[in-house]
Amino acid sequence: MATDMPGSVLASVSPNDTPYKPRYIDIGINLADPIFRGRYHGTQRHPDDLSAVVSRAREVGCQKLIVTGSDFISSRHALEIAREYPGTVYTTAGIHPCSSSIFSTTHSHVDTNGHTMPCDPDPSQPIAEDHEPDVERTASIISELRTLIEEARSSSKGPSPLVAFGEFGLDYDRLHYCSKKIQLHSFAAQLDLALSLQPQLPLFLHSRAAHADFVGLLKDKFGPRLEKLERGAVVHSFTGTVEEMRELMDLGLYIGTNGCSFKTAENCAVVKEIHLDRLMLETDGPWCEVRPSHEGWKYLIEPPKPAAAAATDAVENGNKNDAEVTSNGVPVEQAQQQQPRKGKQQQSKKPQKKESEVPERWKTVKKEKWVEGAMVKGRNEPCMIERVGKIVAGIKGVTLEEVCEAAWRNTTKVFPVDE
């Protein structure tokens with residue numbers, strides 16, 4: 001069943017010979033980010049196109065979207081979006097480690113104009129570690145978060161759109177947003193809240209370059225085997241080592257993969273070792289898109305057909321003429337077209353835009369040139385989850401169906417999105 005050929009994702013056909021139609025759940029999409037309303041750093045660059053974003057997601061088979069809440073503003077906006085798209089959009093609520101400076105005595109917070117933080121590390125000067133946690137402010141934050149969660153769980157007529165506690169955890173790659181000391185305090189305080197909720201919510205966790213402290217706090221709060229964790233948890237946007245990933249799986253946690261999980265050969269080697277029964281898929285848009293520079297990109301490129309197969313295709317497509325050929329096998333007409341015309345000076349042609357080696361479903365434009373129906377360049381969307389699924393399948397040498405169905409089972413087992 002396995003294959004090492006890049007781009008060669010194994011096909012899957014059901015017993016009645018009907019090709020498999022993929023279905024996805026994007027477990028981490030930041031639809032509350034103003035970018036999806038056309039606002040960039042406080043400026044309206046193009047019309048609100050959130051409905052088109054959701055429509056494109058549905059078109060590729062992404063039937064469920066879990067919108068990430070990373071602070072109070074995004075958590076509340078996520079709930080509003082869920083009410084716009086009942087049965088499709090669900091949410092989380094929590095305080096991201098990069099938003100956790102609000103727990104500090106300095107109350108310092110980086111103004112991002114409502115945007116979520118980019119996923120890449122930043123070499124800026126980290127915040128000083130001499131900032132202390134503010135006990136009174138912590139109590140107020142946790143009380144407000146508890147109220148937000150309880151109201152979201154009780155205000156819905158049917159099942160609540162709030163399906164997880166998070167995003168929260170530790171991020172030592174981006175200490176310019178919040179120091180280690182305050183992140184540890186924020187994580188511990190939120191774990192205490194998560195443990196106290198009745199019933200508990202599943203956890204949507206973040207761990208970046210902080211594995212030992214991350215696992216240590218989880219064990220401190222939920223027990224050495226996380227036996228007090230009732231509903232399960234996913235460590236999303238995973239970019240750690242194979243050893244770290246295995247420890248998380250051994251603890252019963254799930255692993256979320258997105259474009260950031262495919263950047264290097266080492267990243268892809270980790271993905272290859274994720275057990276299918278521990279796998280979840282996500283885009284983490286508008287960030288973490290899969291780029292041509294990523295190691296995993298090669299799994300999106302369809303391998304070229306062998307020359308014999310290409311010739312057969314040409315015949316089957318009706319190219320059966322008996323045209324004369326040159327001694328090297330090139331049709332005479334083609335060879336003549338390739339020769340410069342006598343008496344005329346060859347003119348230089350304007351370089352043509354290089355076609356993408358990976359087909360695009362939709363036109364992509366810069367935000368300044370937005371047109372209705374187009375995707376925005378550099379803004380990752382939930383419809384791109386089909387690329388995540390294909391890359392995971394290619395890395396693991398399994399069918400796309402195996403990846404999609406495993407991820408669907410795992411996600412609906414942990415998060416109540418299929419009730």
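1. Let me start with the rings. Taking Phe, Tyr and Trp rings as paired if their centres lie within 6.5 Å, the count comes to three aromatic pairs. One of them is Phe 168 with Phe 187: the ring centres are 5.4 Å apart and the planes stand at 70°, so this pair is edge-to-face. Planes over 60 degrees apart fall in that class. Please keep in mind throughout that this is a predicted model.

2. Lys 180 is placed over the face of Tyr 172, 4.8 Å from the ring centre. Arg 278 lies over the face of Tyr 254, and here the distance to the ring centre is 4.2 Å.

3. Now for the chain as a whole. Its secondary structure comes to 11 helices and 12 strands. Of its 419 residues, 50% are buried. Among contacts with a separation of 6 or more, 77% are made by residues 24 or more positions apart. The accessible surface is about 21,000 Å², and carbon and sulfur atoms account for 50% of that area.

4. Which of its residues are buried? They are Leu 50, Val 53, Val 54, Arg 56 and Ala 57. These residues cover an arc of only 160° around the axis, which means that they lie on the same side of α1. Their packing partners are β4 (62–67), α2 (72–84) and β12 (375–376). Do note that an arginine, Arg 56, is among the buried residues here. Just after the helix, Gly 61 adopts a positive phi of about 100°.

5. The backbone has some features I would point out to any reader. Most residues other than glycine have a negative phi, and most peptide bonds are trans. Against that background, a cis peptide bond joins Gln 198 and Pro 199, with omega about -10°. Pro 199 is in the loop between α4 and β7 (203–208). Another cis peptide bond joins Gly 285 and Pro 286, where omega is about 10°. Pro 286 lies in the loop between β10 (279–281) and α8 (307–316).

6. Leu 226 has phi near 55°, a positive value in a residue other than glycine. This leucine is in the loop between α5 (211–222) and β8 (233–235). Is Leu 226 buried or exposed? With a relative accessible area of 5%, Leu 226 is buried, because the cut-off for that class is under 20%.

7. The other residue is Cys 288, with a positive phi near 60°, again in a residue other than glycine.

How values were computed. Residues are numbered from 1 along each chain as its sequence is written. This is a predicted model: local features need pLDDT of at least 70, side-chain atom pairs count only at pLDDT 80 or more; totals for chains, interfaces and linings use all residues. Side-chain values use heavy atoms; hydrogens and water are left out. Rings of Phe, Tyr and Trp (its six-membered ring) pair if their centres lie within 6.5 Å; planes under 30 degrees apart count as stacked, over 60 as edge-to-face and the rest as tilted. A charge sits over a ring if NZ of Lys or CZ of Arg is within 6 Å of the ring centre and within 35 degrees of the ring normal. Helices (H or I, at least four residues) and strands (E, at least two) are DSSP runs, numbered from the N terminus. Buried means under 20% relative accessible area, exposed over 50%, partly exposed in between (1.4 Å probe, protein chains only). Contact means heavy atoms within 4.5 Å. Accessible areas come from the Shrake-Rupley method with a 1.4 Å probe; for residues, only the protein chains shown count as cover. The arc is that of the directions from the helix axis to the C-beta atoms.
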